[in-house]
2 protein chains.
Amino acid sequence: MSERQFHLNAFLMGVGHHEAAWRHPNTDAANLLDVKHFQNLGRIAERGKLDSVFFADGLAVGPRVKHNTQAIFEPVTLLSAIAAATDKVGLIATASTSYGDPYTLARKFASLDHISGGRGGWNIVTSAGADEAANFGLGAVPAHSDRYERAEEFVDVTLDLWDSWEEGAILLDEETGVFADPDRVHRIDHDGPRFSVAGPLNSPRSPQGRPLLVQAGSSESGKDFAARYAEAVFTAQRTLEQGQDFYSDLKSRLIRYGRNPDDLKVLPGIVPFIADTEDEAKALEQSFTDLISPEYSLRQLSNMVGVDLTEHSLDAPLPPLPDLDHIQGNKSRYQLVKDLAETEKLTVRELIGKLGGGRGHRTFAGTAEQVADELTEWFDKGAADGFNIMPPYLPGGLEIFVDRVVPILQSRGLFRTEYTESTLRGHYGLAESVGKRSRATVAVEVSA
Amino acid sequence: MSERQFHLNAFLMGVGHHEAAWRHPNTDAANLLDVKHFQNLGRIAERGKLDSVFFADGLAVGPRVKHNTQAIFEPVTLLSAIAAATDKVGLIATASTSYGDPYTLARKFASLDHISGGRGGWNIVTSAGADEAANFGLGAVPAHSDRYERAEEFVDVTLDLWDSWEEGAILLDEETGVFADPDRVHRIDHDGPRFSVAGPLNSPRSPQGRPLLVQAGSSESGKDFAARYAEAVFTAQRTLEQGQDFYSDLKSRLIRYGRNPDDLKVLPGIVPFIADTEDEAKALEQSFTDLISPEYSLRQLSNMVGVDLTEHSLDAPLPPLPDLDHIQGNKSRYQLVKDLAETEKLTVRELIGKLGGGRGHRTFAGTAEQVADELTEWFDKGAADGFNIMPPYLPGGLEIFVDRVVPILQSRGLFRTEYTESTLRGHYGLAESVGKRSRATVAVEVSA
Ligand SMILES: Cc1cc2nc3c(=O)[nH]c(=O)nc-3n(C[C@H](O)[C@H](O)[C@H](O)COP(=O)(O)O)c2cc1C
Ligand SMILES: Cc1cc2nc3c(=O)[nH]c(=O)nc-3n(C[C@H](O)[C@H](O)[C@H](O)COP(=O)(O)O)c2cc1C
């Protein structure tokens, strides 16, 4: 078995990542409403020895209501039900730092970590949508830089709260009646520009101490934020070269924060259409593309590029787009879509087809062997430490990955054949990194 | 079977309600940290056909850290894991309206309701602790009246959000690609003194539409709030007469809000010590009392009465207490403790013994028959629609109630022998009441 090992996360979304998945004969749309479907997905991921499963999240309905499915479950409560149906697989939920408060969030993720015996992770997002702001008393989405500043303070407080109970603080001494050693349970007395929090957390230290920190922003501020805090990064990269650039850029930033490049795993997304032959895989992909609703896709594309395209001709190229500086939403996704349309000279219709599978993430249609080769190439050539697997349809698209691609990776010595660890940090080879990021170290990082 | 039926809720707390439960040989303190223990409690409650299980919650560690156990799990995530291990029993979690925001809360409880197939309920509290305020950026706990005003707006917004997806809004029409009917998914555009929320909720209508609303405040504002919103009320009443007064007071208030007395179930708490003989039951209770730590109890009692008693003699009566007007915390618990100490002329030590079992709730030691008789008397004489069962130790104290007391109530035709409904509202006989509380009705209530 080679030294360096793949890390695989299953990014789960309803009955699949493809926007038309729920209409496709390969899925059962009723599963959208059924928690048992999601528990089943957790078990399939565990059968494949995957590091983790992951749920995205948004704080508004958005333009989805008519033509795309709205998630039914909130990620942390859903993962708690999945925890009850699995033993080993990691459980990562998205939550925003732009709304809500650190005490509630720290507690919720500590609880997930307790419930799952150390399998919890937090995908930190800053919520780019104006519709999200309007559900939390704001007239407009806060500026990109404000969101990242708030995110830093939010995460600092959260980490302090998770650390507010030292390891071993619980004594459970029945003889003397001492539950916890008060000298090992600390107030945090945080008093910052946005938050003022006394602590300690109303949850004793969880099995991992700190649930895994995941991040998925790719703007300059996003990458700096990731370099400072994240232990795994999800990212949308369409070509090997772009993937390599992103990978080396991000890893080199870690050093500024006194971190080791291995302390953060880079996981590009891939939407795999897998079949016995390449032709069948391409036909499978096409059968999904054929179901795309242009009305819905145009609205989604409009959101991504910051221009209303709903009256724009499908067979023309994109109109001139605003400058990156004017995008207050997801800057990196804007850039990706703009580059894609320009380099491949796509009409809007073609662009929509390309984006339908994974909203900008790389789609790949081929045999299990071809998928394994593609992933191995990215892994070997310095573009990835593993992958964010985004099955276009569920559960089938996850099953075929687990049953056909994973065994190839295993036979190449690139992926575990059994779990060797019991925590999410353990799976990602990060069990030791928590100790390194003590409160004192964080303070030094800040002034570095 | 008689017409009117008992409703039984199991109020679960760690390894038991008695503050020294974790030190008693009847419990295993390690269960405090084990989600399987709580899933087992859910299954025991379901074996007894209980209406629901319930978890309290507080947003700070409080004075508990050394001598009393700190809850490990957050209630909603915990109930989600219990939902996965049960099929019928209702699942009620406490959450505060004084911190956090309605969008997040509405979504969390909708998710629990989806996950459990319509078994979710919300115990609405206003968080009386100063230590709680300090975790959310406030220097002091907001005034009692402010908390209740905020609670009203908070609940109004939450109800509107739950109603923002009409029944049947999800079409899942695979042919036309229409997921939901946009005409049946509504913005709420709430713009009030404390909250401004656009909606709709990012969760389609849950199985119950509105999770059950539970409340436990007993001050004047608390009772008015309950009369307006609550569908079940938990309350601490020590004597039959007090219970009758509270019951008729609360039920008569319902009429002001255009509600029927049956729309709200009053559930007084009881901490039952059950054994084969009365003497054995009393000895069992005494064995718990013997384990009480005076240091911890004094701090808790100090909190209840608003005076620092930690230097006060254990064998003297209470010192003069502040006026009720000066209590910004839990007014009704203050009154109960003051009355108890005065009428029974108790020393502080005696008072602590009386409070140890249930922090002011009625404790009762006797045979299963005696417990059933006592409950039946309260039920028949207009003091209760059912009970909030607070087992002093767990799981044993719940098992003995379910296995010995429930069959007696069943044989008297006072309690279901099988579940006849599948939702929490169904169990409480309130399945119809949601329809009555449409948005229009709420608006009328407000101006009444
Ligand atoms: C795989 C992946 C998953 C993401 N999941 C979410 C999500 O669930 N919720 C969200 O608001 N943003 C999500 N994002 C967006 C990013 O977290 C980030 O907010 C966005 O890229 C804007 O930040 P940036 O301007 O730094 O790129 C995701 C991005 C990627 C690549
Ligand atoms: C059975 C019962 C359970 C309660 N659970 C909680 C709780 O979990 N969290 C909380 O903050 N208050 C809890 N309370 C307190 C009340 O909800 C309420 O906040 C308190 O009585 C103060 O309100 P009041 O001044 O109107 O009585 C509970 C009360 C009772 C009787």
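Predicted model: local features only at pLDDT ≥ 70, side-chain atom pairs only at ≥ 80, totals over all residues.
Residues are numbered from 1 along each chain as its sequence is written, and chains are lettered from A and ligands numbered from 1 in the order in which they are written.

## Domains of chain A

Chain A is assigned domain 1 (7-291 + 358-447) and domain 2 (293-355), with bounds that come from an automatic or database domain assignment. The centres of domain 1 and domain 2 of chain A, taken over C-alpha atoms, are separated by 26 Å, and 21 residues of domain 1 of chain A are in contact with 19 residues of domain 2 of chain A.

## The site of ligand 1

Ligand 1 is surrounded by 23 residues, of which the closest are A:Asp57, A:His144, A:Tyr148, A:Ser219 and A:Ser332; a residue is counted as near if one of its heavy atoms lies within 4 Å of the molecule. By class, this shell around ligand 1 holds seven nonpolar, 13 polar and three charged residues, where Ala, Val, Leu, Ile, Met, Phe, Trp, Tyr, Cys and Pro count as nonpolar, Asp, Glu, Lys and Arg as charged, and the others, Gly among them, as polar. Both domains take part, since the shell around ligand 1 draws at least three residues from each of domain 1 and domain 2 of chain A. Strand S4 (120-125), helix H5 (144-162), strand S10 (232-235) and helix H10 (331-343) of chain A each supply at least two residues of the shell around ligand 1, and the largest share, three residues, comes from H10(A); helices (H or I, at least four residues) and strands (E, at least two) are DSSP runs, numbered from the N terminus.

Several polar contacts, meaning pairs of N or O atoms within 3.5 Å, can be listed for ligand 1. A polar backbone atom of A:Asp57 is 2.7 Å from a nitrogen atom of ligand 1, a backbone N or O atom of A:Ser218 lies 2.9 Å from an oxygen atom of ligand 1, and a polar side-chain atom of A:Ser332 lies 2.6 Å from an oxygen atom of ligand 1. Ligand 1 taken alone exposes 610 Å², and the protein buries 91% of that, with accessible areas from the Shrake-Rupley method and a 1.4 Å probe.

## The site of ligand 2

Around ligand 2 there are 23 residues, and B:Asp57, B:His144, B:Tyr148, B:Ser219 and B:Ser332 come nearest. An oxygen atom of ligand 2 is 2.7 Å from a polar backbone atom of B:Asp57, an oxygen atom of ligand 2 is 2.7 Å from an N or O atom in the side chain of B:Tyr148, and a polar side-chain atom of B:Ser332 lies 2.7 Å from an oxygen atom of ligand 2. Of the 610 Å² of accessible area that ligand 2 has on its own, the protein covers 91%.

The shell around ligand 2 receives two or more residues from each of strand S4 (120-125), helix H5 (144-162), strand S10 (232-235) and helix H10 (331-343) of chain B, and H10(B) gives the most, with three residues. Its classes are seven nonpolar, 13 polar and three charged residues, and at least three residues come from each of domain 1 (7-291 + 358-447) and domain 2 (293-355) of chain B.

## Backbone features

In chain A, a cis peptide bond with omega of about -5° joins A:Gly199 and A:Pro200, and A:Pro200 has its place in the loop between strand S8 (196-197) and strand S9 (212-215) of chain A. In chain B, a cis peptide bond joins B:Gly199 and B:Pro200, with omega of about -5°, and B:Pro200 lies in the loop between strand S8 (196-197) and strand S9 (212-215) of chain B.

B:Ser127, a residue other than glycine, has a positive phi near 55° and lies in the loop between S4 and helix H4 (130-133) of chain B.

Definitions and conventions:
Heavy atoms only, no water. Polar contact = N/O pair within 3.5 Å; in protein donor to acceptor, adjacent residues only side chain to side chain. Contact = heavy atoms within 4.5 Å.
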